[in-house]
Amino acid sequence: MKFLICGLGSIGQRHVRMIRGTLNGDADIAAYRSRNLDFVVSDGLEATFGRKPEEYYGIRAFRSFQEALSWKPDAVFVTNPTSMHIATAIEAAKAGCHIFIEKPLAHDERELSELSQIVSEKQLVCMIGYQLRYHPSYVHIKALLEQNAIGPVTSADLHCGEWLPGMHPYEDYRQSYAARQDLGGGVILCLSHEIDIACWLFGPPRAVRAAGGNFSDLQMDVEDTADISLCCARAGREFEVLVHLDFIQKPATRYIQIAGENGSIAFDYHANEGDVRLLRQGETQRIASDRFERNGMFRQEVSNFIDCIKNRTRPRVSLEDGIATLKICLAAKRSLANGKAEVLP
Amino acid sequence: MRISKVLFVGLGGAGQRQLRIFRQILPEETVLSAYRHTRSTPLLRRDFTVDDWKTVEAAYRLRIFDSLESAFADGPDLTVVSTPTACHREPMMMAVASGSGVFVEKPWAENLEGFATFRDQVRARHLPFQISFQRRFHPLIGRARQAVRTGAIGRPVAATFSVYSDVRMWHPYEDWRSLYAVRRELGGGVLLTEIHELDLAHWFFGLPDALFCSGGNRGSERLAVEDTAQLTLLYAGFSVQITVCFMHRETSRRFHIVGTDGDIRWDEASNRLVVTGSDGRSGEHADPAFPHDDMFVAQAQRFLKGWTAADTLEALTAAAGSLAIVDAARRSLRSGGVEAVDHSVMFDRAPAAQRVSP
């Protein structure tokens with residue numbers, strides 16, 4: 001299979017390694033590069049400067065996107081800044097390529113319907129890079145909720161805090177897409193995994209409210225903190241999901257807590273531990289993935305994408321899923337700006 | 001404060017706890033009396049089980065009054081009000097009018113109606129006032145507040161407070177459906193009943209500018225009051241998320257406060273406080289055997305020994321601030337939008353709810 005990687009930043013390079021790891025010699029990989037930054041980034045986000053990634057990975061590099069598409073890749077990985085995702089994806093889809101789009105899908109809703117239409121008409125696989133859905137503990141939590149293990153949900157908290165300058169220590173955070181409005185940045189979009197997980201676990205919310213802003217001394221023109229309230233419903237019972245996101249925390253924190261009538265679930269991502277309290281049974285079960293390693297999520301994600309292309313099946317995170325999460329993110333941004341609840345259709 | 005006579009108005013579970021603790025602290029010669037409206041709660045032991053062998057009156061040698069008028073005509077120095085929330089106002093106002101100090105169970109009342117008059121009379125008559133926000137006397141919660149206010153974790157970025165409990169299990173000696181907490185006419189609902197978390201946010205960070213709130217009757221029991229509420233308090237530069245729920249079978253209470261240079265976590269079940277700096281190094285304090293009663297004892301001792309006018313001012317601020325948050329939360333529940341928190345209930349000068357400096 002032929003893969004074109006559009007954008008060889010850290011996540012683009014990680015996908016090169018994941019594709020190689022999945023298909024070994026059966027993958028023919030090329031990259032389309034516009035910025036031509038010369039550094040190689042490891043799994044641990046350590047950068048080696050002065051090395052061209054295309055040479056390091058032994059892949060072909062195109063300087064023109066049209067030239068790259070005429071190489072006729074089977075699939076295109078869209079790993080450039082968020083604001084360029086949709087235009088890139090539409091061109092790739094028009095060329096008949098399956099598409100993997102890094103999260104978030106986009107920074108606005110323009111051209112989403114055009115992308116959806118092309119993907120549908122050409123029966124392409126389109127997947128969004130919300131790799132947290134492949135985390136074994138989150139998969140476990142999803143299964144518990146589907147089994148109604150803790151009864152009707154009454155509330156949930158999802159919390160994710162990062163230190164933006166530490167996320168990509170090899171680059172000036174002020175230049176990163178995460179810190180720039182023009183590139184589709186801001187904490188709501190960049191740390192949208194929690195919103196995606198909430199949508200995955202609890203379904204799309206009926207309404208969204210958000211507070212936040214640029215609260216830190218970080219030099220950026222986008223929000224660095226957001227407190228989002230999602231009004232959800234399951235089996236006719238309404239409940240609220242609180243999501244906190246920020247770019248200010250040292251050390252990073254990420255956890256999920258869910259309360260149900262018959263129990264509760266708590267999981268701390270960085271401690272890699274949590275528990276499920278099943279009150280009817282009087283049991284406490286441990287949630288942990290002893291063999292968990294971060295790359296495993298990306299490996300499974302890429303493997304799922306390749307399997308879907310081979311079998312023409314729906315990926316775990318489809319274009320529709322990405323659109324649903326994006327709509328929540330954009331509603332949160334609107335609510336943050338206008339102070340009102342945003343009702344979703 | 002010289003106290004020779006203490007009047008207890010309302011002797012349900014909360015009232016009897018205060019009675020037991022006040023009896024322990026006050027000198028033997030202090031005369032304790034009571035006005036009981038329903039007299040429905042039997043004598044309770046410290047663990048809230050029923051002691052059938054005695055009456056409350058006999059166990060504590062209480063003088064009993066048949067009316068509030070006769071009770072206040074006796075001239076109590078201090079009145080302890082532990083009636084259902086909606087019944088706080090009348091005895092408090094009568095107490096102040098008679099020149100008695102007031103110790104009231106939280107919340108001050110079901111809303112702030114009459115608060116300004118009460119506040120002004122308390123101050124004009126130099127009367128002692130305290131509201132039972134006993135969690136302010138929890139050693140580890142106090143330590144967490146100190147860490148926030150001294151900048152140990154930098155500037156606040158976010159905070160999450162949550163409390164879950166099961167109102168059906170609160171008072172095993174009575175039918176939970178008759179409990180004030182689930183009855184609107186008695187000032188029930190989780191916002192008022194679990195107001196401690198709102199008070200802690202107020203105590204830690206000051207009064208928020210605005211908030212939004214959602215919630216309602218989310219549990220399986222059909223109640224006339226909200227059993228779950230989730231609030232986002234909006235401050236200049238950060239927000240605080242609070243979940244209060246009293247229809248959950250597992251009791252838990254915790255908070256997580258994030259600052260620019262670290263975070264603070266506390267959990268009641270383990271009674272463990274962890275303060276982590278930005279370098280990842282943690283300091284831990286734990287006291288899993290901490291007796292729940294100790295907060296109430298510390299609170300009563302503080303009130304009965306060495307209470308000052310500044311303490312009364314802070315208690316009035318606590319009473320008003322927490323209810324101002326509830327008032328805005330109720331408006332938000334109706335409007336679905338962000339609602340301003342009314343700061344006019346606070347004092348014109350020297351607001352006790354100081355903001356944490358950025």
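**Aromatic rings and a buried alanine in a predicted model**

Q: Which residues of chain B do ring pairs link into a cluster?
A: This is a predicted model, in which local features need pLDDT of at least 70 and side-chain atom pairs count only at pLDDT 80 or more. Residues are numbered from 1 along each chain as its sequence is written, and side-chain values use heavy atoms. Rings of Phe, Tyr and Trp (its six-membered ring) pair if their centres lie within 6.5 Å; planes under 30 degrees apart count as stacked, over 60 as edge-to-face and the rest as tilted. The linked residues are B:F161, B:W203, B:F204, B:F205, B:Y235, B:F238, B:F255 and B:W266.

Q: How many aromatic pairs does the structure hold over all chains?
A: A pair of aromatic rings is described by the distance of the centres and the angle of the planes. Over all chains, the number of aromatic pairs is 31.

Q: Why is the pair of A:F39 and A:Y170 tilted?
A: The ring centres of A:F39 and A:Y170 are 5.2 Å apart. The pair is tilted because the planes stand at 50°.

Q: Which ring does the charged end of A:R254 sit over?
A: A charge sits over a ring if NZ of Lys or CZ of Arg is within 6 Å of the ring centre and within 35 degrees of the ring normal. The charged end of A:R254 is 5.0 Å from the centre of the ring in question, that of A:Y269.

Q: Is B:A34 buried or exposed?
A: Buried means under 20% relative accessible area, exposed over 50%, partly exposed in between (1.4 Å probe, protein chains only). The relative accessible area of B:A34 is 0%, so this residue is buried.

Note on methods
Chains are lettered from A and ligands numbered from 1 in the order in which they are written.
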